[in-house]
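This briefing sets out the ligand site, the ring pairs and selected backbone features of one structure. Please read it alongside the sequence and the coordinates shown below.

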Amino acid sequence: MTVLGIESSCDECAVALVRDGTDLLGEVVHAQIHAHERYQGVVPEIASRQHTQLILPVYREALQDAGLQPADIDVIAVTTHPGLSGSLLVGTTFAKGLALGLQRPIVAVNHVLAHLYAPNLITPVPYPCLGLLVSGGHTMITRMDAWNDMTVLGATTDDACGEAFDKVAKFHGFGYPGGKAVDALAARGDETAYDFPGAALKGDAHSLDVSYSGIKTAVTVQAARFLRPGSSASPENLAASFQRVAIGMLMKRLDRAVAQTGIHRLVVGGGVAANSRLRRELAARAHLDVAIPPLSLCTDNAAMVAAIGFEYATEGSFVGFDAPVGARVAGYRAFT
Ligand code: KG4
Ligand code: ZN
């Protein structure tokens with residue numbers, strides 16, 4: 001079964017073709033970086049207008065990349081939730097038009113589940129396992145009992161981890177996209193130069209929740225206060241110290257989740273999964289069996305949408321032309 005995946009939930013306009021859930025035949029990802037660069041952040045209206053212009057050429061190029069014709073597509077998988085409504089509408093409307101023209105069924109893909117499914121493109125993930133989703137819009141630790149059965153064990157109470165990276169980068173002019181820029185600067189910095197506080201939440205001893213508002217404020221407006229005596233102030237040191245604490249906060253909750261659940265298998269997904277410090281920290285935990293995708297499958301892409309689309313299609317979860325898009329989702333338990 002050849003599934004066409006369409007991803008347009010944020011600023012990546014992507015189309016991919018995947019055969020039988022694992023065989024990536026072709027993919028094009030257009031990251032819209034230049035369109036948002038001067039604002040140092042994603043502007044929703046600009047993103048949806050960009051998707052309108054990009055979706056058809058990206059689709060054609062992906063087919064060409066795969067060496068396929070439209071008639072070779074068996075199923076159309078499209079991200080319908082969660083994400084930016086206008087952007088989601090472009091991808092979803094395109095999917096519906098294509099489905100009508102080609103007379104093929106549509107599956108509506110949950111973006112969060114797709115991120116946590118991405119490692120399956122490399123090797124099958126055994127369930128149950130823990131899930132660590134770290135992106136620009138979400139930060140959560142979950143229990144996965146199946147590809148579509150997710151229970152949220154802990155989440156951010158405010159900013160997403162990637163959002164904190166982006167805001168720190170924007171405030172200090174580190175570059176755009178922010179997470180990648182902080183990561184690159186941090187590689188040349190002293191991560192102990194600043195003593196930033198990792199947030200302590202109420203009931204923190206057992207909680208798997210995390211908060212980024214405190215460290216974000218510390219790094220953006222009060223950085224000078226946290227410089228250790230004898231250390232030097234530099235963008236590299238600032239970035240490295242922020243990254244150490246931001247990733248350390250996640251690791252603390254993850255270790256807790258492992259201790260609380262007794263589950264040692266982990267899938268990781270989302271843009272921040274590309275972070276070098278996060279990857280190092282996970283690699284150092286020899287007691288964990290970690291499935292983390294290669295960098296191209298961490299940030300938004302359509303391969304993960306087409307791959308999970310195969311699962312939806314196999315169980316017959318098709319949607320009609322009235323399928324809505326959703327900016328947020330209410331709950332994730334057994335959510336498909
Ligand atoms: O999954 P994604 O592409 O989009 C969402 O679903 O949000 O994640 C984007 C986020 C952005 O906040 C970006 O700054 C962050 O992932 N990111 C990183 C790195 N690469 C991307 N954060 C830290 N280190 C990186 N290397
Ligand atoms: Zn994403």
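Which helix gives the most to the shell around ligand 1? Helix 5 does, with four residues; helices (H or I, at least four residues) and strands (E, at least two) are DSSP runs, numbered from the N terminus. This is a predicted model, in which local features need pLDDT of at least 70 and side-chain atom pairs count only at pLDDT 80 or more, while totals for chains, interfaces and linings use all residues. Residues are numbered from 1 along each chain as its sequence is written, chains are lettered from A and ligands numbered from 1 in the order in which they are written, and side-chain values use heavy atoms, with hydrogens and water left out.

**Ligand site**

- The space taken by ligand 1 is the largest pocket. On a 1 Å grid over the protein atoms alone, a pocket is an open set of points with protein on both sides within 12 Å along at least five of seven lines, whereas a cavity is a set where a 1.4 Å probe fits but cannot get out; lining residues have an atom within 4 Å of a point. A molecule sits in either if more than half of its atoms lie within 2 Å of its grid points.
- Two or more residues of the shell around ligand 1 come from each of helix 4 (111-117), helix 5 and helix 6 (178-186).
- Around ligand 1 there are 20 residues, of which Gly136, Asp166, Asp183, Gly271 and Asp300 come nearest; a residue is near a molecule or strand if one of its heavy atoms lies within 4 Å of it.
- A polar backbone atom of Asp300 is 2.9 Å from an oxygen atom of ligand 1. For Gly271, the separation between a polar backbone atom and an oxygen atom of ligand 1 is 3.0 Å. A backbone N or O atom of Gly137 lies 3.2 Å from a ligand 1 oxygen atom. A polar contact is a pair of N or O atoms within 3.5 Å; within protein, one must be able to donate a hydrogen and the other to accept it, and residues adjacent in sequence count only if both atoms are side-chain atoms.
- The protein buries 88% of the 560 Å² that ligand 1 exposes when taken alone. Accessible areas come from the Shrake-Rupley method with a 1.4 Å probe; for residues, only the protein chains shown count as cover.

**Aromatic pairs**

- Rings of Phe, Tyr and Trp (its six-membered ring) pair if their centres lie within 6.5 Å; planes under 30 degrees apart count as stacked, over 60 as edge-to-face and the rest as tilted. The count by this rule is five aromatic pairs.
- The ring centres of Trp147 and Tyr312 are 5.0 Å apart and their planes stand at 65°, so this pair is edge-to-face. It links distant parts of the chain, 165 residues apart: Trp147 is in the loop between strand 7 (139-146) and strand 8 (149-155), and Tyr312 is in helix 10 (residues 303-314). Trp147 and Tyr312 are buried (buried means under 20% relative accessible area, exposed over 50%, partly exposed in between; 1.4 Å probe, protein chains only).
- The rings of Phe165 and Phe242 also form an edge-to-face pair, because their centres are 4.9 Å apart and their planes are at 70°. This pair links distant parts of the chain, with Phe165 in helix 5 (residues 161-172) and Phe242 in helix 8 (residues 235-261), 77 residues apart. Phe165 and Phe242 are both buried.
- Tyr194, Phe196 and Phe226 are linked into a cluster by ring pairs.

**Individual residues**

- Asn110, in strand 5 (residues 106-110), is buried with a relative accessible area of 0%. Its side chain reaches the backbone nitrogen of Leu113 at 3.2 Å.
- Ile247 lies in helix 8 and is buried, with a relative accessible area of 0%. The C-alpha atoms of Ile247 and Arg277 are separated by 7.1 Å, although the residues are 30 apart along the chain.
- Asp289, in strand 10 (residues 289-291), is partly exposed at a relative accessible area of 47%. A C-alpha separation of 4.7 Å is found between Asp289 and Arg265, which are 24 residues apart along the chain.

**Backbone geometry**

- The peptide bond from Tyr127 to Pro128 is cis, with omega near 0°; Pro128 is in the loop between helix 4 and strand 6 (129-134).
- The peptide bond from Tyr176 to Pro177 is cis, with omega near 0°, and Pro177 belongs to the loop between helix 5 and helix 6.
- Gln40, a residue other than glycine, has a positive phi near 55°. Gln40 lies in the loop between helix 1 (33-37) and helix 2 (44-66) and is partly exposed at 25% relative accessibility.
- Gln103 is not a glycine, yet has a positive phi of about 55°. Gln103 is in the loop between helix 3 (85-102) and strand 5 and is exposed, with a relative accessible area of 62%.
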